[in-house]
Amino acid sequence: MTRVLDPQRLSTGRVLAASTVLLTLGVVLGGLLVADVRLPPFQGVDEGWSRWITSLRSPFWDGINGFLNVAGYRGVLVVHGLLVVALLLRRRPQTAIFAAAAGVAVLVFTQILKAGILRDRPENTIVLTDTGSFPSGHVASTAAFLVVVALLVGRAWVWVLAGLGVLVMMISRTYLSAHWLMDTVGSVCLAVPVVLLLWLYFQNICIQENADARRLLTWRARASRRRRAAAHPESES
């Protein structure tokens, strides 16, 4: 894990700017739903996208999206929990707190908004769902986990994969008619800023923890080489 993780410090200004844009869009979407939950201004866009994406249904895509239905929520929560445990085992307690706080905060906010807005889901869903369509718990949880991983790994290609993963989950939820398109957009507008704003608070200690772990690993490797050399001095000749 020490060699895998390389968290990078993000610019406070850029994080605040991006978070403000996303949260503003999310608030606008949520506000329009509160004003008229049954017929918001973007209902036509949602219905048009739903008609198109569901026209692509086939046994093959049904199977893939059925798997994503399980993996994208329960699966992601389990893996997110395992990440927290792994960070604790690798002596990164503050980083583990950040990862746990990000996942829990997104989950709680998502459920609060679901219960508060109570938007009806599409009628032709092909998976079991609970009440409240806005925002999508699957998309929010997936986005939270993938952004946490991207922040901790700190490499550009991981950010690209994270973005693709979130996009796939957004498409999957609308393919299954579990959510409207704007439900998934609202989920991203919630999850990503929450994780990024938490990172601003935790990033310095997380970066320091990782640096300390690397130094400890280097020290242990050198000590191990010295012990081997002392135990087999003839090999040095």
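Biologist: What joins the side chains of D120 and R38?

Modeller: Side chains of opposite charge can pair when their charged atoms come close. A salt bridge is a side-chain nitrogen of Lys or Arg within 4 Å of a carboxyl oxygen of Asp or Glu. Here the side chains of D120 and R38 form such a bridge, at 3.0 Å from N to O. D120 lies in the loop between α4 and α5 and R38 in the loop between α1 (12-35) and α2 (43-54), so the pair ties together parts 82 residues apart in sequence. The model is predicted: local features need pLDDT of at least 70, side-chain atom pairs count only at pLDDT 80 or more, and totals for chains, interfaces and linings use all residues. Residues are numbered from 1 along each chain as its sequence is written, and side-chain values use heavy atoms, with hydrogens and water left out.

Biologist: Is D120 buried, partly exposed or exposed?

Modeller: Buried means under 20% relative accessible area, exposed over 50%, and partly exposed in between (1.4 Å probe, protein chains only). D120, at 46%, is therefore partly exposed, whereas R38 is exposed at 65%.

Biologist: How many salt bridges does a search of the whole structure find?

Modeller: The search finds 4. One of them pairs R119 with D183 at 2.8 Å, N to O. R119 belongs to the loop between α4 and α5, and D183 to helix α7 (residues 181-231), 64 residues away. R119 is buried at 2% relative accessibility, and D183 is buried at 0%. Another bridge joins D130 and R121 at 2.6 Å, N to O; D130 is partly exposed at 44%, while R121 is buried at 15%. Salt bridges with shared partners also connect D46, R119 and D183 into one network.

Biologist: Which side chain makes a polar contact with that of S133?

Modeller: A polar contact is a pair of N or O atoms within 3.5 Å; within protein, one must be able to donate a hydrogen and the other to accept it, and residues adjacent in sequence count only if both atoms are side-chain atoms. The side chain of S133 makes one with that of D183, at 2.3 Å. S133 sits in the loop between α4 (93-117) and α5 (137-153) and is buried, with 0% relative accessibility.

Biologist: How many helices and strands are in the protein chain?

Modeller: Helices (H or I, at least four residues) and strands (E, at least two) are DSSP runs, numbered from the N terminus. The chain has 7 helices and 0 strands.
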